[in-house]
Amino acid sequence: MRLHIPFSEIPEHGVRIVISDRSWLSDDLGEKAESASAEVQLTKKSEERIEIQGALQVELRLICDRCLAEYVFPLATSLQLIVESPDGDRHWRIQDMEGSGDELDTLQVSEPVIDLADILCQQVYLALPAKQLCGKNCLGLCIHCGHNLNDGPCGCHKDQAANSPFAVLAGYREHNKKK
Ligand SMILES: [Zn+2]
Ligand SMILES: [Zn+2]
């Protein structure tokens, strides 16, 4: 699968590209990916503007920020953007700005080539959650012994609570309140 596509090779009626392997992943993402696939439609808006529409799926092995365990995160996102390569002709730029009111993200490239792998990987990075958690209810690690509390309570937590003089006091207060 060729992932560098010169604008000049994109036919007038557009082209659909299905990538069912992980060839488009960067080294960094490739290390973490269990599986990956992408499908895009390239549409020629003009000689200098190509619209990319599509979707991608990737399953990434991530490390939970809270419990430090590895988990698999299924990431799916869609994309729609314009890639444009100004040819240095000022007339063209002015015309373009006056012309369409399309609000798609625009990616400026110096060469009239679509670097599909790079574009898709950027979309993955954008779609990654800022906080990576194995689950919404991840309990994290015990601050005393480092035990992963998702695997069940650790001994030290229970002992400390029971042996603490404050626990006894708290129990006493609760008891009195009910009266
Ligand atoms: Zn976790
Ligand atoms: Zn503990």
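Predicted model: local features only at pLDDT ≥ 70, side-chain atom pairs only at ≥ 80, totals over all residues.

Colleague: Understood. How many helices and strands does the protein chain have?

Modeller: The protein chain contains five helices and seven strands. Along the sequence they follow the pattern β-β-α-β-β-β-α-β-β-α-α-α.

Colleague: Which strands form the open sheet, and in what order?

Modeller: Five strands make up the open sheet, in the order β2-β3-β4-β5-β6, and the pairing is mixed. The edge strands are β2 and β6, each of which pairs on one side only. From one strand to the next, the twist averages 25°.

Colleague: What packs on the sheet?

Modeller: Helix α3, residues 116-127, packs on the sheet and touches β3, β4 and β5. The direction of helix α3 makes about 125° with that of β5.

Colleague: Let us look at the pairings. In what sense do β2 and β3 pair?

Modeller: β2 and strand β3, which covers residues 33-44, pair in the antiparallel sense over five bridges. Within this pairing, valine 18 has glutamate 39 in β3 as its bridge partner.

Colleague: And over how many bridges do β3 and β4 pair?

Modeller: β3 and β4 pair over eleven bridges, in the antiparallel sense. A hairpin of four residues joins β3 to β4. Threonine 43 stands opposite glutamate 51 in β4, and alanine 36 stands opposite valine 58 in β4.

Colleague: What holds paired strands together, as a rule?

Modeller: In general, the strands of a sheet pair through backbone hydrogen bonds, whether parallel or antiparallel.

Colleague: Changing topic: where does leucine 68 lie?

Modeller: Leucine 68 lies in the loop between β4 (49-63) and β5 (70-84). Although leucine 68 is not a glycine, its phi is positive, at about 65°. As background, most residues other than glycine have a negative phi.

Colleague: Is leucine 68 buried or exposed?

Modeller: Leucine 68 is exposed, because 12 other C-beta atoms lie within 10 Å and a residue with 12 or fewer counts as exposed.

Colleague: What about serine 26, and where is it found?

Modeller: Serine 26 is found in the loop between β2 (15-19) and α1 (27-32). Serine 26 is partly exposed, because it has 15 other C-beta atoms within 10 Å, and that count lies between the limits of 12 for exposed and 20 for buried. Serine 26 and glutamine 122 are 96 residues apart in sequence, while their C-alpha atoms are 9.6 Å apart in space.

Colleague: One more residue, then. Which strand holds aspartate 105?

Modeller: Aspartate 105 lies in strand β6, residues 105-108. Aspartate 105 is exposed, with 10 other C-beta atoms within 10 Å. From C-alpha to C-alpha, aspartate 105 and glutamine 80 are 7.5 Å apart in space, and they are 25 residues apart in sequence.

Colleague: Back to the whole chain: what share of the residues is buried?

Modeller: Buried residues make up 15% of the 179 residues in the protein chain.

Colleague: And what share of the contacts do residues 24 or more positions apart account for?

Modeller: Such residues account for 61% of the contacts in the protein chain with a separation of 6 or more.

Key
Residues numbered from 1 in each chain as written. Chains lettered and ligands numbered in written order. Helix = DSSP H or I, 4+ residues; strand = E, 2+ residues; numbered from the N terminus. Pairing = 2+ DSSP bridges. Axes fitted to C-alpha atoms, helices over the stretch in contact; angles between N-to-C directions. Contact = placed C-beta atoms within 7 Å.
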